Amino acid sequence: MQCVAPSSSIGFKSLHTVSHRIVQPTQLTVQCVASRYDAGAANATNLPLSAAAPTTTNNFAYGGVVKSRTDWQSSCAILASKVVSQQQNTEKSNGADNITVVNGHTSLDLVPIDKLPKPLTIADLSPAPLHGSTLRVAYQGVAGAYSEAAAGKAYPNCEAIPCDQFEVAFQAVELWIADRAVLPVENSLGGSIHRNYDLLLRHRLHIVGEVQLPVHHCLLALPGVRKEYLNRVISHPQALSQCELTLTKLGLTVTREAVDDTAGAAEFVAANNLRDTAAIASARAAELYGLNILADGIQDDSSNVTRFVMLAREPIIPRVDIPFKTSIVFAHDKGTSVLFKVLSAFAFRNINLTKIESRPHRNRPIRLVGDENVGTAKHFEYLFYVDFEASMADVRAQNALAEVQEFTSFLRVLGSYPMDMTPWSPSSQ
């Protein structure tokens with residue numbers, strides 16, 4: 001502890017005031033600083049509480065009053081005694097009554113700070129997506145759907161919440177019924193799932209990850225039913241298109257009917273005891289609904305992979321130490337040359353585009369361009385969805401989007417998230 005005597009404008013009484021503001025000193029040393037009266041220069045002397053008097057015989061001036069060396073030493077001793085008294089009172093008070101001393105005054109904490117209720121945060125209501133944690137993940141379909149398998153791959157041991165429509169999965173996250181949603185956006189054989197691209201723009205959820213799931217289709221029917229008995233095959237439209245050639249090779253002269261999801265088709269066959277109908281779904285769906293597998297791996301291409309995205313209410317913090325992907329959507333109203341400029345913004349910075357998808361601009365589907373010489377032309381307006389391999393924390397991506405914004409009438413970042421880098425191999429699901 002150090003006590004400093006200020007300039008001559010502050011009297012000796014100020015030193016006593018300083019002592020009252022000291023609580024629980026840890027080093028009992030007083031530094032007395034004064035002005036030498038005879039020379040007018042500063043002189044500092046470190047005096048421990050039990051130190052002897054200085055060896056010099058200088059006089060000191062405070063507030064215009066000349067103090068001898070003896071008087072100055074006496075004043076320091078008075079100050080030291082007050083400090084020791086304050087320390088003893090503090091230790092006694094803390095030891096006996098456990099009362100806090102603040103600025104020389106005692107105070108009582110009626111409610112201990114460590115027992116005050118903590119305010120709720122987003123983490124309390126929606127846990128972070130740690131592997132192994134229990135997250136509520138919404139997906140479209142019923143148990144046995146490929147979306148359920150994707151949810152399990154993205155968040156192991158999660159609580160999967162089935163939804164009858166894609167729209168309901170979005171709303172489940174927005175209404176805090178679920179913490180995440182896992183939805184398919186494209187397939188290596190069937191292409192993009194346009195419905196979900198439209199929903200990404202309509203809702204304000206953020207893409208926080210992706211997962212690529214190998215799809216292994218099976219032809220399922222009730223026990224005892226043979227392929228010759230079949231008149232109809234039902235499944236999701238994507239599954240029907242992915243198995244079109246194989247169904248023909250099997251010699252099946254059946255009608256194809258689309259339903260909402262693959263596992264739902266299996267459930268429908270089992271629940272209604274349809275012996276003339278087969279479903280295209282996963283092997284797990286066959287196990288869940290008690291169906292037999294008439295044909296295994298009936299997809300037209302063994303490299304059949306569906307890409308799913310994970311959605312959350314809040315975005316994640318982008319990083320640059322692992323591979324990241326960013327998804328954006330933009331619109332323009334100045335013709336196709338603008339699209340070239342937008343794509344050039346990424347090409348000039350060596351940013352790889354992994355996908356570009358156009359969808360009709362529902363709010364303004366047609367743009368009229370008038371020319372007095374040739375008449376009026378009608379152009380279809382489109383929204384463009386683009387995925388590129390860069391993180392929003394990357395300066396290249398930031399500069400590219402800043403340039404894109406100059407040429408577009410609308411630009412929105414759907415999410416910046418880690419890429420799925422797991423090795424792929426065909427396997428049954």
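Axes here are lines fitted to C-alpha atoms, for helices over the stretch in contact, and angles run from 0 to 180 degrees between N-to-C directions. Helices (H or I, at least four residues) and strands (E, at least two) are DSSP runs numbered from the N terminus. The model is a predicted one, in which local features need pLDDT of at least 70 and side-chain atom pairs count only at pLDDT 80 or more, while totals for chains, interfaces and linings use all residues. Residues are numbered from 1 along each chain as its sequence is written, and side-chain values use heavy atoms, with hydrogens and water left out.

**Exercise 1.** Determine how helix H5 and helix H6 are oriented to each other, and which residues make their contact.

*Solution.* Begin with the geometry: H5 (residues 166–174) and H6 (residues 194–202) pack at an angle of about 30°, and their axes are 10 Å apart. Angles under 35 degrees count as roughly parallel, and H5 and H6 are therefore roughly parallel to each other. Next, list the contact (heavy atoms within 4.5 Å): H5 contributes Phe166, Glu167 and Phe170, whereas H6 contributes Arg195, Asn196, Leu199, Leu200 and Arg202.

**Exercise 2.** Find which residues of H5 are buried, and what covers them.

*Solution.* Apply the cut-off first, buried being under 20% relative accessible area with a 1.4 Å probe and protein chains only. In H5, Phe166, Glu167, Ala169, Phe170, Ala172 and Val173 are buried. The cover over these buried residues includes strand S7 (136–140), strand S8 (159–163), strand S9 (180–187), H6 and strand S17 (305–312). Finally, look past the helix: H5 is followed by Trp176, whose phi is positive, near 65°.

**Exercise 3.** Work out the strand order of the four-stranded open sheet, and which strands stand at its edges.

*Solution.* Two strands pair if DSSP finds at least two bridges between them. The order in this sheet is S19-S22-S18-S23, with antiparallel pairing. Strand S19 (353–360) and strand S23 (410–418) each have a single partner strand and stand at the edges, so one side of each is left without a neighbour in the sheet. Neighbouring strands are turned by 15° against each other on average, direction ignored. For one of the pairs, seven bridges join S19 to S22 (residues 382–388), the two running antiparallel, and Arg359 stands opposite Leu383 in S22.

Definitions and conventions: Angles under 35 degrees count as roughly parallel, over 145 as roughly antiparallel, 65 to 115 as roughly perpendicular and the rest as oblique. Buried means under 20% relative accessible area, exposed over 50%, partly exposed in between (1.4 Å probe, protein chains only).
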